[in-house]
Amino acid sequence: MADTVIDTKKPGLMVGWLDLGAMLKECVITALLSAVLFLPFIALHADTGGSGGLVIETRWDSWAWFVLAAFVGRALLVVWRENPSSRTRDMLAKTVVTPVGGFFRKNMVAIGLVALVLAVLFPISPFGNRYSVDVATTWMIYIMLGWGLNIVVGLAGLLDLGYVAFYAVGAYSYALLSQTFGWSFWVCLPLAGVFAAFFGVILGFPVLRLRGDYLAIVTLGFGEIIRVILLNWYNVTNGPDGISGIERPTLFGLEFGRNAAEGGTTFHDFFGLEYSTMYRVVFLFYLILALAVLTNLFTQRIRKLPVGRAWEALREDEIACRSLGMNPTNIKLSAFALGAMFGGFAGSFFATRQGFISPESFTFIESAVILAIVVLGGMGSQIGVVIAAFFLIVLPEMAREFEQYRMLVFGAAMVAVMVWRPRGLLSYRDPTILFSKITGRKSTGREHQA
Amino acid sequence: MAYFIQQLINGLTLGAIYGLIAIGYTMVYGIIGMINFAHGEIYMIGAFLAIISYLVFGDMGIVSIPILLMGMLVISMIFTAAYGWTVERLAYRPLRGSFRLAPLISAIGMSIALQNYVQISQGARVKPIQPVVQGGFQLFTQGGFAVQITYLQIVIWVLTTALMVGFTYLITQTSLGRQQRACEQDRKMASLIGVNVDRTISLTFVLGAALAAVAGLITTLYYGVIDFYVGFLAGMKAFTAAVLGGIGSLPGAMLGGLMIGLIEAFWSAYFTIEYKDVATFGILVLVLIFKPTGFLGKPEVEKV
């Protein structure tokens, strides 16, 4: 009986491997659903009318386009899904390592070195004008934040939705220390990191016993609490007005302004150069490059230490770790504090670069962007962060007219990556230490992280 | 005393909103064990639908307030439920059996996408509407302070109570509710005895979204102004409410919602209004640390 039931569902019009009837049905359903979904938001628009009240404005043509797009999109999806020789689909579904990911994995050290050399040469190359170096600096900030968060999310597997709180702590501690005590950037930078790590420990200690998703929400709550405090604690943080006139960094005491402060020397005077604002921009770029490289080297090294291995073990199976006598809270706490420390470094760099900070810069969206960089790049993957940061920071910077669609695309991309490649675009999760298949020996070669 | 009672009244109204949203969190958590981070955005979509349907009805020349309210209620529930269903279908269903944090990350992505979708399609400016239900009466006056209940607050309480009664009936008495509870207890076993698990989960999202839509409608009526960003904070607070009441427990969600509403009202009244969000988040942290099961929740046993 059951067989006949299946048989009665005869295929419709077949074109090669494609069942046109079934496809059409799917597409029509999708189109109808999208027609319903888009009706109140695309077709109708509650616009502010002339008298200040709201009036309804209709946009039937764009609604029709959206529904059509849903129809065509579904059709393409079906073709892609049903096509027996679709290589991308099989690749997404089956392989752990994409060809791109595999390429990166094999040539990791070489790619890293080439990228570093290119980054060092970039400001003095013909492309290194003021604007491009500025954008590259922003890119490096996010790479550094991504690498810092990668310690927490990628290695230790703790979803931190309030990472921007540590960024804020770093920025404000530099700004306040420098304005209150007149300390220089180089004194405050390590202090900012220490403060951020300290906050990481304070915030982390009570909550790290919680399960993954609770932890995520609590860190989000902490991020918001810190922002609200910064916003309302006028006496110290100057509230929504922020702190301005933050001191710029110096190079061994050489300043980058036009005129030196009392008793100081400017960079251009010292080297007998013409004054140019470009020197500071380039200096800031090298500064953040050095900080980011430091973050990366630190992460690469610590992965091979017992604590780094413990993070990865804990990420894979907490219960097993506990039964082996590891203390999950302390291990998580170390990851949390170290991640926070790098966030703090990046924060104080941000403060000194901008010269102005306000709570506006430290909203949840910022946390979400950093998390998106880590997730899209592949959690635990170092090069993935660089590439994801390029797509999420540099591209939107270059295509300003699409600015308002940026976050929409981020969100959609996060969903898409989770659905198709939950481990991220470039990722694969090798443990740092592997038993080699053939010899059974420990291999400590280059098969770690991309 | 009069001031206290006034705050109590305001707090209960606020609590009704949080409670309705919290049910969505708690049901989804109960059945698939994930925090539906996009639920706050679903609530925001409900609020926008209330405004849009209000304007459309206004253009159609409907002035009778009961018909208007019913119309807004039905429209926003239906469309928001469609959004809830689609979100589950697109972002969560393909992730069954993925690693634990995958649905949460996907939900965060969905939340960002929905927020910006509404911002782009409807504009970033706040949307104000005229008060639909006006007036009220004074309970009593004491020391020059008049305790007032507005008709709108009564409408909100009646609506919320009716929904809660209907919802409790649905979950405890109907076969649909039985299936829902079966999936909550053991999804695999439920599917073995013929419960369509996927459909039940979808339905959970639809129900949660419909209740969030009511909360959105209430917000629109009560405050008269919304923007695309309302979902984030309200969602966080409703989640706090769900945790406080005991996540997974329906009466707990409502109880937690009322408590959060009251705490927020009294905090704003007696302490500093700037830190009222900090108070809520502080409660969330304290509850999670000291009593993760909340008031009415069951302890969660971790099995290997």
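**View 1. Secondary structure and burial in chain A.** Chain A of this predicted model contains 19 helices and 10 strands. Of its 450 residues, 40% count as buried. Among the contacts in chain A that join residues at least 6 apart in sequence, 74% link residues at least 24 apart.

**View 2. The two domains of chain A.** The domain assignment divides chain A into domain 1, covering residues 12-85, and domain 2, covering residues 103-435. Taken over C-alpha atoms, the centres of domain 1 of chain A and domain 2 of chain A are separated by 39 Å.

**View 3. Confidence along chain A.** The mean pLDDT of chain A is 79, with 83% of its residues reaching 70 or more. Among the elements of chain A, helix 16 (residues 328-354) has the highest mean pLDDT, at 90, whereas strand 10 (residues 442-443) has the lowest, at 43. Where pLDDT is low, the predicted coordinates should not be read in detail.

**View 4. The contact between chain A and chain B.** This contact takes 43 residues from chain A and 49 residues from chain B. On the side of chain A that touches chain B, the elements giving two or more residues are helix 2 (20-43), strand 3 (44-48), strand 4 (54-58), helix 9 (185-207), helix 10 (212-232), helix 17 (364-377) and helix 19 (406-420) of chain A. Helix 10 of chain A gives the most to this side, with 11 residues. By class, the side of chain A that touches chain B has 34 nonpolar, seven polar and two charged residues.

**View 5. The largest nonpolar core.** The largest nonpolar core has 214 residues, of which A:Met144, A:Ile373 and A:Met414 touch the most other members. Helix 8 of chain B (residues 197-223) gives the most to this core, with 15 residues, and at least three residues are drawn from each of domain 1 (12-85) and domain 2 (103-435) of chain A.

**View 6. The surroundings of A:Met144.** When its neighbours within four places in sequence are left aside, A:Met144 is in contact with A:Ile288, A:Leu291, A:Ala292, A:Thr295, A:Phe342 and A:Ala346.

Key. Residues numbered from 1 in each chain as written. Chains lettered and ligands numbered in written order. Predicted model: local features only at pLDDT ≥ 70, side-chain atom pairs only at ≥ 80, totals over all residues. Domains from an automatic or database assignment. Contact = placed C-beta atoms within 7 Å. Helix = DSSP H or I, 4+ residues; strand = E, 2+ residues; numbered from the N terminus. Nonpolar A, V, L, I, M, F, W, Y, C, P; charged D, E, K, R; others polar. pLDDT = per-residue confidence, 0-100. Buried ≥ 20, exposed ≤ 12 C-beta atoms within 10 Å, placed from the backbone. Core = buried A, V, L, I, M, F, W, Y, C linked by C-beta atoms within 7 Å.
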